[in-house]
Amino acid sequence: MIGPRGRKKKGKATASGTMENEEHKYDLMLKDIWAKVRTKHFFPEMPNPTISDSMDRVAMETKSKQITLSQPFIEEAAKRLQPERVIEALLDHGVAHYTYCPWDFHTHLMLYQEAKKVLKDKEMAQKSTDYFMDVVADTHCFKEKETPISDLYCHMDRGILDEAIHALYQRIWGKDLSVQGYEEISRKLSRIPYLDRKPWPDSIRRFSKIIQGLLELEKKSGTLNQPSPMGQNDFGRYTEQELDQGLKEFAMSTGNPGSFSEVVTDFEEELQEAGFNTSSGMGFGPGSPLDADILFYMKLAENYSLPIKRTPIEKSGSLYPVSHSPWELGKPFRDIDPWTSFGKIMPAITQIWERREGDTFGEEEGTPNCIVAIDSSGSMTNPRQQLSYAVLGAACASDAYLRNDAKVAVYNFSDAQHGGRKTLDYTRHRKQIYQSVCHYFGGGTRLDIKDLDSLQEPSRPDIFIITDMQITNLEALISYLNGHENRVTAVHIGENRHVMQFKRSMGIRKNISIYSVQKKQDIPKIVLGKIREYFRSVS
Amino acid sequence: MINPFEDFREYPYKKKEIPLDRIVRAKEKIMDEIVEGYLKLVEEEVKDLVWLVEHSRLVRAYSAAIRTVEKLDYDIDDIEELCLELDREGRIPYLISGPAGIYLSALCNNAGEENIRLRLHELKRTFHFLGYRLPQGKTLILQGDVGDFIGAGLSGGKLVVEGSTGNWAGAGMMDGEIHITGHTGRNMGEWMGGGEIHVEGYIGGIGKSIRGGRIYQQGNLIRPYDRTTR
């Protein structure tokens, strides 16, 4: 619940004036200290922090970049340290996570991935990642800024791992934090170059290996899931755009559906809680379980922006009803829609049809719909096991048409005559398209021309076909494409005699462009619907 | 006119040095020296990148390694870090398991600490000759599987392998103990002159020429009795 000054409160209203005064005191304090902290950290783009009196377990939390401090924690810590310094230390800690480590969602995922490689356990890897990020952020603060973090840590309640980490701080900061023991662990941990970003993947692996014993101890004692006193570094701190961008970069950096899905599947719930979803129906909202493999290709495809040559489309001249608007005096009666006007002629109640001019091929340019035909036979890579260039290419093509307001139909085939086919009618539903594109049949390769033809429409859609050309009825495909005027982008994976045959037969056609994809980097070279002077010759 | 940098007037421009900087710098320096020593050994002993296991070569390589490491001021964390460096490609351009093991053994034997534990189970590669000539008073614990000639020429130390070994474990050992929790390969204890080998798992084969010492499997003495095991 948000109070009048943006303060988050418990459900009940504050009764006494003393409590209100206390709250007001903290709000004023926070305002002043936030200005100081912002200056210190070079004005990070973060909203004003708040104080909540309902957080009992942790000192702070960050949601969509906004830091919320726990009033009970501040009051407790204020018994041993000035409240101003407690607030400053907490804000320094929170801001350093934003400005230094992890910095972004991609780095967060990468660190988790490396920790998981060593620890092989989600909870332990998560905890190790949290502590690593805390050590980096706090050490950065301690070295680069004037901060009271070390004073705060002196007086904090600690678990086993906190003790070890504070022993490390004692060693690498040269400050007495009143920790005894943990000599060997802190000595080993102190050798890690926390402030050097480049070796972070290696550093977190070593960090995780060193604290593995303590993590196992916490797991056995059931305290592993308890948040650390400074709060958990969960995904709630990122905005939806940051999550989206992070997944895109993570898909690109892993380059492997297996590694991507291993990490993303671990965080299915967290991502949903953090509100990750997209308006295009491609997210994983309620009732839509996450398919990490599909998400991988979806995010990877977003890194490649394939250009589409637009076809000339002109206004048809005829008007057709599109939407309703309220009728006003002076507007024609003939457009009134009696069904939505409750049979009344009255301004603001009566509705009239808004009409728009239709499009047709002509001198203005537009993007036609597209049939994506993808070969998922046994000779093609299984997209769930390895990075499939065919699926990535088809995903990029679909993405490009969808971004240009066109619809996409999918024909996924292996041995079509024996049931190895999947057809999706024209749609703009991204998730359905990716599901169809990512489907893997295996087996032989024979397409059914009737299936492909059933997706043809009078507006002459583009055809994007991606295959290794080892199709048993390749001649039928060649003759079909020869008999139609659609713009065709044919992409072949690898080189073989069938590719040569296809190139020989289709090379002279001006409405067909042929591309070869041998590696991921070849994909951006594809220009969809690019035709050598085809439209010029037609016009 | 407003100075846009006014807010930063109080900002401390001088970088603060914290102990972490010194620790990392010192570690980097010693690691550079250790790696340089290893590369020099490889350069001298493995000129054609092929290293044959001959007694004279072993003695020469170990002597060269000891001469190098005696000059270095390192601890067990540095030894463990060298294992990690040897395992991944980057700082060290090539790993030759034999000389790498000899060099690591020289580092362990010359280290100030009496008890040394090397965590090797996460490594992709295995090292040979670990525990070579481990002297009396030293305990070396190797966690994870290791290569051939483990504990060769053992000289009174205690070598514990928490994993399995390759062939020729304890070859030519003179004194001390080897404890292996996993399995061993062939020719175990070949040319053994003294000491004890304890194996918990399977033994691939025992050396033919054993001059002294005792071999136990799961607590049972199997050498010097004339009985062969698989």
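Colleague: Which strand is joined to E6(A) by six bridges?

Modeller: Strand E7 (residues 408-413) of chain A is joined to E6(A) by six bridges, and the two run parallel. Two strands count as paired if DSSP finds at least two bridges between them. Strands (E, at least two residues) and helices (H or I, at least four) are DSSP runs, numbered from the N terminus. Within that pair, A:Val372 sits opposite A:Val410. Bear in mind that this is a predicted model: local features need pLDDT of at least 70, side-chain atom pairs count only at pLDDT 80 or more, and totals for chains, interfaces and linings use all residues. On naming, residues are numbered from 1 along each chain as its sequence is written, while chains are lettered from A and ligands numbered from 1 in the order in which they are written.

Colleague: Why is E6(A) described as largely enclosed?

Modeller: Because six of its six residues (370-375) are buried, E6(A) is largely enclosed by the rest of the structure. Buried means 20 or more other C-beta atoms within 10 Å of the residue's own, exposed means 12 or fewer, and partly exposed is in between, with C-beta atoms placed from the backbone. Both faces are covered: A:Cys370, A:Val372 and A:Ile374 are buried on one side, and A:Ile371, A:Ala373 and A:Asp375 are buried on the other.

Colleague: Switching topic: is A:Phe333 buried or exposed?

Modeller: Exposed, because A:Phe333 has 9 C-beta neighbours inside 10 Å. This residue is in the loop between strand E4 (311-326) and strand E5 (351-366) of chain A. Its C-alpha atom is 48 Å from that of A:Met298, 35 residues apart along the chain.

Colleague: How is chain A divided into domains?

Modeller: There's domain 1 (17-235), domain 2 (241-302), domain 3 (315-363) and domain 4 (367-538). Those bounds come from an automatic or database domain assignment. The centres of domain 1 and domain 2 of chain A, taken over C-alpha atoms, are 27 Å apart.

Colleague: How many residues of domain 1 are in contact with domain 2 in chain A?

Modeller: 10 residues of domain 1 are in contact with 13 of domain 2, where contact means C-beta atoms, placed from the backbone, within 7 Å. Helix H4 (residues 105-119) of chain A gives the largest share of domain 1's side, six residues. By class, that side has five nonpolar, two polar and three charged residues. Ala, Val, Leu, Ile, Met, Phe, Trp, Tyr, Cys and Pro count as nonpolar, Asp, Glu, Lys and Arg as charged, and the others, Gly among them, as polar.

Colleague: What about chain B, how many of its residues are in contact with chain A?

Modeller: 11 residues of chain B are in contact with 17 of chain A. On chain B's side the largest share, five residues, comes from its helix H1 (residues 19-45). That side has six nonpolar, no polar and five charged residues.

Colleague: What order do the strands take in the open sheet of chain B?

Modeller: The seven strands go E1-E2-E3-E4-E5-E6-E7, with mixed pairing. The edge strands, each pairing on one side only, are E1 (115-119) and E7 (220-223) of chain B.

Definitions and conventions
Two residues are in contact if their C-beta atoms, placed from the backbone, lie within 7 Å.
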